[in-house]
Every structure is written in structure tokens, then in C-alpha cells.
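Let's take a quick tour of the salt bridges in this one. Have the sequence and the model open side by side as you read.

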Amino acid sequence: MKHGSQPTRDLVERDIQAQSQPMIDPVGRKVDYLRVSVTDRCNERCLYCMPEQFQQWIPRKEVLTDDELLAVIDTAAELGFRKFRITGGEPMVRPKFPELVQRILQIPGVESLSMTTNGTRLRSLAQPLWDAGLRKFNMSLDAIDPDIYQTVTGGRLADVIAGLEAAQAAGFQQIKLNTVLMRGKNDDQILPLLDFAAERKLTLRFIELMPVSLTEVLDESNFLPLAEVRDMLEQDDEISLCEHQEAFGFGPARYYHLKRRGIKVGFIGAMTDLNFCEQCNKMRLTCDGMLRPCLGNHMETDLKQALRPEFDLAQLKGLFLKGLGEKPEAHLFRENYQPQRIMTAIGG
């Protein structure tokens with residue numbers, strides 16, 4: 001198949017094949033969730049993600065084209081992946097992003113598509129993305145104080161709030177807010193963020209700092225464990241574990257209900273939750289075509305060899321299976337893990 005053309009398949013045949021051959025990793029976990037990075041570029045400089053002066057962007061010629069991304073997602077869907085999330089960098093800096101979303105949603109087998117964003121471009125793109133068929137996204141929000149937000153992210157809180165309001169006006173209801181915890185940086189924002197989420201009836205998720213950056217912010221003095229946050233919430237509100245955790249999403253978050261505020265709060269604790277990887281169902285695609293079976297492990301499989309100069313779909317499928325066979329039982333974050341790529345180059 002020539003480079004740039006799109007494969008076509010019989011939907012019934014591929015569904016039967018996917019059901020008969022589920023993607024099972026070496027420790028028996030079903031893997032059906034692919035996080036797809038469409039760019040390493042970002043218009044913010046979050047302390048936990050990217051050094052302020054970082055300029056080592058992936059050369060544009062190495063970034064997968066739309067047709068290449070669609071071929072990978074199509075192959076993943078044929079193999080049994082059903083849940084997809086678009087990430088970056090900031091995915092909305094990619095040119096013609098709503099059109100790409102629309103094309104992804106037309107692929108047979110794509111049952112769920114979401115996006116992770118910093119929200120800064122939603123003011124102009126929320127309606128086009130809704131029109132393209134996107135219905136849910138996660139938005140980073142590390143502070144509700146403008147000065148603290150600027151210190152942590154390098155961005156403007158006003159842009160984010162305007163984007164959130166535009167998304168809600170467009171019709172988006174499945175919105176989750178993500179807050180990365182940093183002691184001494186945004187720990188005094190925890191309760192204000194919960195109040196903000198409650199006012200808008202949104203789910204807020206707290207994420208432990210992970211070694212995915214090259215900056216000095218990863219010093220242990222900046223680490224805030226989720227246990228401390230839960231203790232804080234128990235003193236401020238009545239908190240209880242939600243039933244049917246699978247109803248809240250496809251990732252590793254554990255969700256609780258806050259009675260007084262009437263909202264759900266999620267906890268993602270890759271560092272302190274010793275069972276964090278037990279139900280892992282995901283793999284990651286970097287924007288330059290590397291299939292990564294685990295965020296906290298350096299193993300990658302280069303899919304571009306099956307995409308350039310021509311599409312080789314049989315080889316592409318084989319590379320997916322190779323990557324699946326290398327999926328480790330657990331991440332290495334607690335073993336003096338040293339990142340070789342910053343988070344924007346991997347995909348959030």
C-alpha cells in the first residue's frame with residue numbers, strides 16, 4: 001500500500017478477529033487503550049513536565065503525518081484497541097486538529113475518544129471539536145490563583161477559564177480537571193480547586209509528581225503524597241470510595257465522593273500506590289511513531305519502519321504485537337528512574 005493511502009477492511013471480519021484475539025500482555029492484562037501523542041510542542045512550560053528553556057523539539061519531518069497516525073490507529077482498532085486518547089504536548093497546537101479528530105472518529109472500532117489538554121486554545125476550538133464529534137476531555141488545572149498558575153505553568157489562567165467556559169457552552173459535559181501536586185508550589189490550592197470544581201460540577205483528579213521531567217523540580221522536597229491530601233479532605237469534607245470504579249474512566253485513578261461539595265475526586269498515585277500497575281490496560285504512541293508499552297520504562301518500538309516509505313500493514317501489526325510482548329509488569333519510577341525523554345516527547 002502506497003504511503004498516504006488509507007487501508008479499508010470489512011468491519012465484520014475485523015470485529016470477529018479482534019474478539020477472538022484480544023490483546024493480552026505477558027502478565028495477563030487485557031490491553032485495549034492507546035494514548036496517541038500528536039505533537040511534542042506545547043504553549044506552556046509546566047514545572048513538572050518541561051524545562052523553561054527547553055527547545056529540543058522533535059524535527060517536524062519525524063512527526064507522524066495525519067495519514068500515518070490514522071493508519072496506526074486503524075491497525076490498533078483492528079487488533080482490539082477500543083479506547084483512544086489524544087495527547088501532546090498540547091494537542092490543539094497541531095494544525096487542522098479538529099479535522100484529525102473527525103477522521104479518527106470515523107475509524108471502525110474506535111468506541112471512545114478523548115483528549116488531554118491545557119485548555120488554552122479551547123476558546124476558539126471547543127465548538128469545532130464538538131462539531132467534529134469529540135465529547136470528552138481532561139484539562140490540566142494546577143492552580144486557581146492566577147499568580148500561582150503562572151509560576152507553575154508559565155501560562156495565563158484567564159485563557160484556561162475562558163476555554164473551559166467555551167467548552168461547556170459548546171455542550172461538553174464529560175470534563176475532568178487534572179492537578180499535579182507539588183509541595184510548596186500549589187499545595188495551598190487544593191481546597192480552592194475543589195471549590196472551583198464543585199461550583200461547575202466537575203470531577204477533579206489529583207496526580208502525584210512523577211519523574212518525567214529533566215528539571216530540578218523533581219527534588220523529593222517537592223513531592224506531596226496522596227495520603228496527605230486524603231487526610232486534608234477528610235478534615236474538610238466527608239469522603240467515601242465510589243462504587244463501580246470502572247464507570248469513571250479507563251485509567252488508574254481511584255474515585256471518591258465528597259458529600260458536602262457533591263462532586264467526585266480522583267487520586268492517581270503512581271509513586272505511593274504499590275498496586276498502581278495491576279490493572280494497566282494502556283500503551284502509548286509518541287508523535288514520532290514510537291510505541292511505548294509503559295510510561296515509566298524506556299522500552300520503545302519504532303513504528304515508522306512500517307509506515308515509510310510505504311505502509312506495510314502486516315509489519316505494523318507485528319510491531320504492535322512486539323510492543324505488547326514487552327509490556328512490563330510494573331513501572332520503574334520507584335527504582336531511581338532517570339527519564340531519557342521529557343513528558344512532552346512521550347505524550348501526556
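Burial first: here a residue is called buried under 20% relative accessible area, exposed over 50%, and partly exposed in between (1.4 Å probe, protein chains only). This is a predicted model, where local features need pLDDT of at least 70 and side-chain atom pairs count only at pLDDT 80 or more, while totals for chains, interfaces and linings use all residues. Residues are numbered from 1 along each chain as its sequence is written, and side-chain values use heavy atoms, with hydrogens and water left out.

**The overall count**
- Take a salt bridge as a side-chain nitrogen of Lys or Arg within 4 Å of a carboxyl oxygen of Asp or Glu, and you get 20 of them.

**D159 and R156**
- D159 pairs up with R156 in a salt bridge, at 2.5 Å from N to O.
- D159 is buried, at 18% relative accessible area.

**E68 and R308**
- A salt bridge joins E68 to R308, with N and O 2.8 Å apart.
- This pair ties together distant parts of the chain, 240 residues apart: E68 sits in helix α2 (residues 66-79), and R308 in the loop between β12 (301-302) and α9 (313-325).
- Helices (H or I, at least four residues) and strands (E, at least two) are DSSP runs, numbered from the N terminus.
- E68 is buried at 1% relative accessible area, whereas R308 is partly exposed at 29%.

- D195 makes a salt bridge with R261, the closest N and O atoms lying 2.9 Å apart.
- D195 belongs to helix α7 (residues 190-200), and R261 to the loop between β8 (254-258) and β9 (263-268), 66 residues apart.
- D195 is partly exposed at 35%, but R261 is buried at 11%.
- Shared partners join D195, D236, D237, R260 and R261 into one salt-bridge network.
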